[in-house]
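Please read the following report with the sequence and the model side by side.

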Protein chains: 2
Amino acid sequence: MRLSELAAETGVGIPTLKFYMREGLVPPGERVNATTSRYAVAHVERVRLVRALVDGLGLSLAQVRTVVSALDRPPASRHELLGAAQAALPSPYTNHAVTEEVRDLVARRGWSVHPGATALRSLSGAIEAARAAGVELAPATLDAYAAGVETIAAADVAAAWAAATPEKAVAVVALGTALVDPVLAAMRRLADEAMSAQT
Amino acid sequence: MRLSELAAETGVGIPTLKFYMREGLVPPGERVNATTSRYAVAHVERVRLVRALVDGLGLSLAQVRTVVSALDRPPASRHELLGAAQAALPSPYTNHAVTEEVRDLVARRGWSVHPGATALRSLSGAIEAARAAGVELAPATLDAYAAGVETIAAADVAAAWAAATPEKAVAVVALGTALVDPVLAAMRRLADEAMSAQT
């Protein structure tokens with residue numbers, strides 16, 4: 001398709017598409033002649049991804065570039081791939097030390113996790129920040145959260161492994177991890193409302 | 001305590017504390033004389049809250065002001081309170097129309113939710129954005145997510161209702177909703193890694 005068709009298909013204007021290509025977020029089209037390039041379905045998918053990262057998650061251009069470049073060099077194994085995709089996405093509290101409480105929680109749940117996983121630090125920092133702001137987060141609450149999250153993670157992994165190709169699995173994992181966060185946040189608000197109406 | 005003690009207690013510098021008070025995010029202290037004011041434990045809690053909202057969630061000053069002003073006028077019932085606290089917090093995709101799929105999901109789970117709840121629109125928009133970016137989100141996946149989220153919401157509501165006073169419950173709900181999101185996001189990344197190692 002032509003650039004004007006890519007614009008029509010994605011709902012993103014031609015100046016913005018040109019900007020994305022200059023910034024390396026979307027690969028250039030295949031040159032047909034001096035004034036025309038041709039674009040494929042992969043371009044449509046990439047443009048939609050960039051929009052979702054920018055509009056949906058509010059990522060900066062630099063962060064989008066990190067995610068996109070992780071997609072362009074998929075790692076060897078699926079387990080490795082998950083780590084690489086997650087590391088490319090920004091997480092809060094990553095300069096925090098891992099607490100004993102978080103180590104204990106992971107051990108208690110029997111989760112096999114790399115000791116250097118960024119999420120261990122994010123979790124420790126997020127728990128501390130919530131508590132500092134007055135949210136108690138009792139051990140029983142954290143255990144109940146962990147049980148709920150296990151159900152969610154089993155669905156995540158089933159969806160990722162169902163993907164047809166490794167490239168597609170990278171996309172599902174990298175994007176799924178971040179793009180599903182707002183889905184779960186909205187669901188949790190609905191379930192909170194439903195549960196509070198019952199009590 | 002004096003302003004210098006409030007600074008020491010919270011780890012926030014005096015110029016920043018003065019800025020928060022000028023901006024109405026932290027109430028002024030009780031005036032003792034022309035040069036001295038006195039601050040209470042409530043000030044410590046408020047300053048920690050503002051830090052968590054700014055640093056942890058990356059909220060703008062205007063968004064922090066909205067959250068803080070919801071805390072300063074608690075609504076009548078606990079169920080109402082939850083809606084008010086959630087509405088004060090920014091959510092993505094709120095200008096999206098509620099989809100039939102989301103209505104069906106809520107009905108299927110038996111969730112009693114106000115038809116105008118912002119989270120219905122957020123959920124519809126977040127699902128669409130994830131799909132547009134290539135994350136499939138099959139109906140079975142959404143149902144598994146909903147089951148996991150119910151476990152989490154039951155823990156949320158138990159924690160909120162355990163709070164001693166209505167004011168404290170407002171804090172738990174308003175902050176808990178937003179400040180627990182990063183806790184759950186980090187937990188999900190760990191559980192994803194653990195589940196993917198098993199398969």
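Predicted model: local features only at pLDDT ≥ 70, side-chain atom pairs only at ≥ 80, totals over all residues.

Residues are numbered from 1 along each chain as its sequence is written, chains are lettered from A and ligands numbered from 1 in the order in which they are written, and side-chain values use heavy atoms, with hydrogens and water left out.

**The fold of chain A**

Helices (H or I, at least four residues) and strands (E, at least two) are taken as DSSP runs and numbered from the N terminus. Chain A has nine helices and two strands, and along the sequence these elements follow the pattern α-α-β-β-α-α-α-α-α-α-α. Of its 199 residues, 48% count as buried. If contact is understood as heavy atoms within 4.5 Å, then residues 24 or more positions apart supply 59% of the contacts in chain A that have a separation of 6 or more.

**Salt bridges**

A salt bridge here is a side-chain nitrogen of Lys or Arg within 4 Å of a carboxyl oxygen of Asp or Glu.

| Pair | N to O distance |
|---|---|
| A:R65 and A:E23 | 2.7 Å |
| A:R108 and A:D143 | 3.0 Å |
| A:D181 and B:R188 | 2.9 Å |
| A:D156 and B:R188 | 2.7 Å |

Within chain A, the salt bridge between A:R65 and A:E23 links distant parts of the chain, with A:R65 in helix α4 (residues 61-72) and A:E23 in the loop between α2 (14-22) and β1 (30-31), 42 residues apart. A:R65 counts as partly exposed because its relative accessibility is 33%, and A:E23, at 28%, also counts as partly exposed.

A:R108 forms a salt bridge with A:D143; A:R108 lies in helix α6 (residues 100-109) and A:D143 in helix α8 (residues 139-161), so the pair ties together parts of chain A that are 35 residues apart in sequence. A:D143 has a relative accessibility of 22% and therefore counts as partly exposed. The residues A:R108, A:R109, A:D143 and A:E150 are linked in a network of salt bridges.

**Where chain B meets chain A**

The contact takes 72 residues from chain B and 72 residues from chain A. The size of an interface is often given as the accessible area lost when the parts come together. Counted in that way, as the area (1.4 Å probe) that two parts lose on being put together, summed over both, chain B and chain A bury about 6600 Å², 72% of it on carbon and sulfur atoms.

Between the two chains there are six salt bridges. B:R188 takes part in salt bridges with A:D156 and with A:D181. A:D181 lies in helix α9 (residues 166-198) of chain A and B:R188 in helix α9 of chain B, so this pair joins two chains. B:R188 has a relative accessibility of 3% and therefore counts as buried.

On the side of chain B that touches chain A, two or more residues each come from α3 (41-56), α5 (78-88), α6 (100-109), α7 (118-132), α8 (139-161) and α9 (166-198). Helix α9 of chain B gives the most, with 24 residues.

**How the two chains are related**

When copies are superposed by least squares on the C-alpha atoms of residues with pLDDT of at least 70 in both, chain B can be laid on chain A with an RMSD of 0.1 Å by a turn of 180° and a shift of 0.0 Å along the axis. That is the relation of a two-fold axis. The same surface serves both copies, since 100% of the contact residues of chain B recur in chain A. Among the residues of chain B, B:G148 comes closest to the rotation axis, with its C-alpha at 2.1 Å.

Notes:
Buried < 20%, exposed > 50% of the residue type's maximum accessible area, 1.4 Å probe, protein only.
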